Amino acid sequence: MYIQYLTDRNFKTTSYKKGEVVYGPGQQPKYVYFIKSGEVRMATVNQDGREFIQGVFKSKQHFGEPALLLERPYLAYTIASRDTEIIQLDKTAFLKMIEENRSFSMDLIMTMSERLFYKSMMLEELANEQAEHRLSTLINYLCQDLENGAALNMTRQTLADMSGLRVETVIRTIKKLAANGEIKLIRGKIVKTTYDVDHKLEVL
């Protein structure tokens, strides 16, 4: 809905190729970014070049609000995970959109609250050395908005980058979780299922 709102007002669309950086740490914020199509990941990169993914933003979502509102430099990279089209709003236009659109204001509060909750959850999980618990918590969180029977569209590498685990550990742990009935796999895809009160997996 908001993408159409911005398109109707002739805001410019910028294209990014897969792997292209939208912004990097230390840069001063200029815009809030609305994804018209494609996908962007927010990540920190260590000295060895390994990414830790803080979040994944998809079509019709937006990112970059906190740094712009606080006028603080970015702390992480945002990188196009595939070819992506983005509409950029400067601070004046973004504040005007908040003022003129009450439903967007409420959605913005919910979105930022959800991201804060996710980061708090992952900070707690990163202190947990048990790979099964960490990965199970992440998978359950990512599946919460999916319909029953829908596949989680995340690669093992992405789950590794989000959980801070090695991809080999993720592959091994997913197989173990599936064998224990804690998750369901169909053709190698993690599929959302229904759980009973004892958190036992129900058959779809």
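**Strands and rings in a predicted model**

Author: In this predicted model, strand E1 (residues 13-16) and E8 pair in the antiparallel sense, with four bridges between them.

Reader: What makes E1 and E8 a pair of strands?

Author: Strands pair if at least two bridges are found between them. E1 and E8 have four bridges, so they pair. Within this pairing, serine 15 stands opposite glutamate 85 in E8. E8 is also joined to E3 in the antiparallel sense, by six bridges, and there phenylalanine 34 stands opposite isoleucine 87.

Reader: How covered is strand E8?

Author: Strand E8 (residues 84-90) is mostly covered, as five of its seven residues are buried.

Reader: Why is the pair of tyrosine 2 and phenylalanine 104 called edge-to-face?

Author: Ring planes over 60 degrees apart count as edge-to-face. The planes of tyrosine 2 and phenylalanine 104 stand at 75 degrees, with the ring centres 5.0 Å apart, so the pair is edge-to-face. Tyrosine 2 lies in helix H1 (residues 2-8) and phenylalanine 104 in helix H4 (residues 102-126), so the pair ties together parts that are 102 residues apart in sequence. Both tyrosine 2 and phenylalanine 104 are buried.

Reader: Why is the pair of phenylalanine 34 and phenylalanine 104 called tilted?

Author: The planes of phenylalanine 34 and phenylalanine 104 are at 35 degrees and the centres 6.0 Å apart, so this pair is tilted. Phenylalanine 34 lies in strand E3 (residues 31-37), 70 residues from phenylalanine 104 in helix H4.

Key: Residues are numbered from 1 along each chain as its sequence is written. This is a predicted model: local features need pLDDT of at least 70, side-chain atom pairs count only at pLDDT 80 or more; totals for chains, interfaces and linings use all residues. Side-chain values use heavy atoms; hydrogens and water are left out. Rings of Phe, Tyr and Trp (its six-membered ring) pair if their centres lie within 6.5 Å; planes under 30 degrees apart count as stacked, over 60 as edge-to-face and the rest as tilted. Helices (H or I, at least four residues) and strands (E, at least two) are DSSP runs, numbered from the N terminus. Buried means under 20% relative accessible area, exposed over 50%, partly exposed in between (1.4 Å probe, protein chains only).
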